[in-house]
Amino acid sequence: MNVPFVDLRAQHGPLAQEILSSWGKILDDGGFVGGEHIEGFEREFAAACGADHAVSVASGTDALRFAFLAKGVAPGDEVLVPANSFIATAEAVTQAGATPVFVDSDPQTHVIDPAAAAAAVTSRTRGIAAVHLYGQTADMDALGSLARAHNLWIVEDAAQAHLAEFQGRRAGSLGDAAAFSFYPSKNLGACGEAGAVVTNDAAVADRVRMLRDHGQTRKYLHAVEGYNGRCDALQAAALRIKLRHLPRWNEQRRALAARYVERLRSCEDITLPTTAPDCLPVWHLFVVQLASRNVVQAALTERGVATGIHYPVPLHLQPAYARLRCREGSLPNAERCAQRILSLPMYAEMPPGHVDYVCATLREILSAQRA
Ligand SMILES: *Cc1c(COP(=O)(O)O)cnc(C)c1O
């Protein structure tokens with residue numbers, strides 16, 4: 001059997017007619033930039049997150065960068081960034097002019113460890129990048145207390161957490177601003193690149209609207225230098241159609257995650273993902289931990305099961321950040337997890353039979369290893 005890691009065709013097949021018909025109208029009228037689909041998607045996505053404003057942009061990375069800039073970061077400022085994340089979180093900090101300070105993760109939930117974050121605060125710290133990794137929100141209670149104690153802002157990196165909840169409130173409404181990515185394989189994916197900043201702060205929303213459009217306040221009047229960071233109308237039109245299915249897709253991911261847990265629970269060589277009590281995760285990824293990860297991954301590949309590692313090298317040890325001089329061994333949880341984590345196939349349309357095959361194959365590989 002061949003089990004892909006994700007299969008985007010399974011998602012787009014049933015929606016193709018509707019998306020193509022919406023795109024046909026845009027082709028006819030030539031409204032590729034701005035317009036009703038941009039405004040409509042922004043309204044609908046803000047409502048889905050339970051927040052006042054959504055501002056669509058060209059990517060999740062732009063969303064992060066514009067959110068940091070809107071919070072006013074400046075050279076010399078420090079932003080706390082979990083070492084276990086995609087590099088975009090840190091890139092956006094440096095590209096906004098600030099310095100990332102890498103923080104260790106919780107060994108069970110993999111999100112930023114609030115105690116480690118507290119220990120990393122200096123007089124230059126301005127904010128926290130709260131990455132809702134794998135579809136589970138960071139501990140927003142503990143991070144909120146830390147932020148209040150030191151007068152810090154919180155930008156959520158919600159690129160993996162569309163509609164995830166913390167204490168019944170949705171990602172996008174949990175910090176000062178939130179960045180979403182609609183990269184095709186995310187829980188809500190565009191047919192290309194797109195992202196959004198979501199916030200309850202009208203000033204942040206206005207600032208991001210200006211930044212994404214060359215710093216314009218009105219046509220050809222530029223208050224600041226900005227960026228070409230707009231989302232295009234084709235993406236917004238497709239995202240409006242797909243957003244209507246997102247709650248159901250997340251439910252399907254939860255059912256698949258439960259099926260994985262059911263079938264792997266009794267296997268003592270696997271550490272299953274931990275859900276924190278206050279969180280309702282949306283399972284962007286289903287990440288297990290294994291002692292002999294590389295061997296198991298190779299054996300799974302051999303038997304047709306595609307897997308991933310998110311992420312194999314923690315950010316503080318990336319060559320790109322050598323100048324920050326972080327030592328190996330300095331963030332032990334993130335480093336240990338990077339050796340042990342394995343992302344199993346997960347997407348909303350994944351056939352339950354594929355979960356069963358992955359679990360049976362994994363069990364066989366592990367018992368052969370024990371023997
Ligand atoms: C995907 C992702 C991003 C970047 O989003 P793009 O749309 O690819 O720019 C940022 N942070 C995390 C955690 C992501 O998974």
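So, the second largest cavity has a volume of about 100 Å³. Keep in mind as we go that this is a predicted model. Lining that second largest cavity are 13 residues, and nearest its centre you'll find L8, Q11, R253, Y347 and E349. Helix 1, residues 8-12, and helix 10, residues 246-264, are the elements giving two or more residues to that lining.

Now the largest cavity. Its volume is about 120 Å³. The lining of this largest cavity is made by 14 residues, with Y134, Q136, P273, T274 and W283 lying nearest the centre. By class, the largest cavity's lining splits into seven nonpolar and seven polar residues, with no charged ones.

The largest pocket has a volume of about 500 Å³. There are 29 residues lining the largest pocket, and the closest to its centre are F86, Q160, Y183, K186 and Y311. Which elements supply at least two residues each to this lining? Among them are helix 4 at 60-70, helix 5 at 88-95 and strand 8 at 177-181. The lining of the largest pocket comes out as 15 nonpolar, ten polar and four charged residues.

And where does the ligand sit? In that largest pocket. Helix 4 and helix 5 are the elements that give two or more residues to the shell around the ligand. Of these, helix 4 gives the most, with three residues. In total, 14 residues surround the ligand, and the closest are G60, T61, D157, S181 and K186. The shell has five nonpolar, seven polar and two charged residues.

Let's zoom in on a few side chains. T61 has a polar side-chain atom 2.5 Å from an oxygen atom of the ligand. K186 does something along those lines too: one of its polar side-chain atoms lies 2.7 Å from a ligand oxygen atom. How much of the ligand does the protein bury? Taken alone, the ligand exposes 380 Å², and the protein buries 93% of that.

As background, most residues other than glycine have a negative phi, and most peptide bonds are trans. In this model, the peptide bond from H310 to Y311 is cis, with omega near 15°. Y311 is found in the loop between helix 11, residues 293-302, and helix 12, residues 332-340. Then there's L163, which isn't a glycine but has a positive phi, near 75°. You'll find L163 in the loop between strand 5, at 153-157, and strand 6, at 165-166.

That's my tour, so over to you for questions.

Technical notes: Residues numbered from 1 in each chain as written. Predicted model: local features only at pLDDT ≥ 70, side-chain atom pairs only at ≥ 80, totals over all residues. Heavy atoms only, no water. 1 Å grid on protein atoms, 1.4 Å probe; cavity = no way out; pocket = protein on both sides within 12 Å on 5 of 7 lines; lining within 4 Å. Points joined across faces, edges and corners; volume = space filled by probe spheres on them. Helix = DSSP H or I, 4+ residues; strand = E, 2+ residues; numbered from the N terminus. Nonpolar A, V, L, I, M, F, W, Y, C, P; charged D, E, K, R; others polar. Near = heavy atom within 4 Å. Polar contact = N/O pair within 3.5 Å; in protein donor to acceptor, adjacent residues only side chain to side chain. Areas by Shrake-Rupley, 256 points an atom, 1.4 Å probe, with all protein chains shown as cover. Sits in = over half its atoms within 2 Å of the grid points.
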